[in-house]
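Subject: Handover of a structure for your study

Dear colleague,

Please find the structure below, together with its sequence.

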Amino acid sequence: MRSEIDQILDRICDRVRWARTKHAGEWEGQGPYYALGVIGDEFAEFEHAVLSESVERQEDEALDVIATCVRFLAREYEA
């Protein structure tokens, strides 16, 4: 049986793959400040969800924040 952390990491990997497909090439060559802006936008959506939406929606938005941070760490903003 997989641990809860392993299951969460699987969800993160799935979200990163989904985001890279949906936004393929969007970050390329944009630089770190562009990526930071995307992270900020996703965090604002997460904050809104925490303040006024369901736990499921909160978790969904948290995954988006994490996925954008992973893409930042992978330096997808470089050319």
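A residue is called buried when its relative accessible area is under 20%, exposed when that area is over 50%, and partly exposed in between, using a 1.4 Å probe and protein chains only. By this rule, buried residues make up 27% of the 79 residues in the chain.

Please note that this is a predicted model, in which local features need pLDDT of at least 70 and side-chain atom pairs count only at pLDDT 80 or more, while totals for chains, interfaces and linings use all residues. Residues are numbered from 1 along each chain as its sequence is written, and side-chain values use heavy atoms, with hydrogens and water left out.

Overall architecture

The chain has three helices and zero strands; helices (H or I, at least four residues) and strands (E, at least two) are DSSP runs, numbered from the N terminus. The order of elements from the N terminus is α-α-α. Along the principal axes, the C-alpha atoms fill a box of roughly 40 × 35 × 20 Å.

A contact means heavy atoms within 4.5 Å. Of the contacts in the chain with a separation of 6 or more, 68% are between residues 24 or more positions apart.

Surface and charge

The chain exposes about 5600 Å², and carbon and sulfur atoms supply 57% of that area; accessible areas come from the Shrake-Rupley method with a 1.4 Å probe, and for residues only the protein chains shown count as cover. Ile5, Ile8 and Leu9 make a nonpolar surface patch of about 260 Å². Patches are made of residues with over 30% relative accessible area and no salt bridge, where like charges are joined within 9 Å and nonpolar side chains (Val, Leu, Ile, Met, Phe, Trp, Tyr) within 5 Å. Ile8 belongs to helix α1 (residues 4-22) and counts as partly exposed, because its relative accessibility is 35%.

Salt bridges

A salt bridge is a side-chain nitrogen of Lys or Arg within 4 Å of a carboxyl oxygen of Asp or Glu. The structure holds eleven of these salt bridges.

One of them joins Asp14 to Arg17, with the closest N and O atoms 2.6 Å apart. The two residues are three positions apart in helix α1, so about one helical turn separates them. Asp14 is partly exposed, at a relative accessible area of 44%.

What does Arg57 pair with? Arg57 meets Asp60 in a salt bridge of 3.1 Å, N to O, and also forms a salt bridge with Glu61, where the closest N and O atoms are 2.6 Å apart. Arg57 and Asp60 are three residues apart in helix α3 (residues 55-73), so they too are separated by about one helical turn. Arg57 and Glu61 are four residues apart in helix α3, about one turn of the helix. Arg57 is partly exposed at 34% and Asp60 is partly exposed at 24%, whereas Glu61 is buried at 2% relative accessibility.

A network of salt bridges links Arg15, Glu53, Arg57, Asp60, Glu61 and Asp64. Asp64 lies in helix α3 and is buried, with a relative accessible area of 13%. Apart from neighbours within four places in sequence, Asp64 is in contact with Arg15 and Glu42. Asp64 and Ala19 are 45 residues apart in sequence, and their C-alpha atoms are 8.3 Å apart in space.

Yours sincerely,

A colleague
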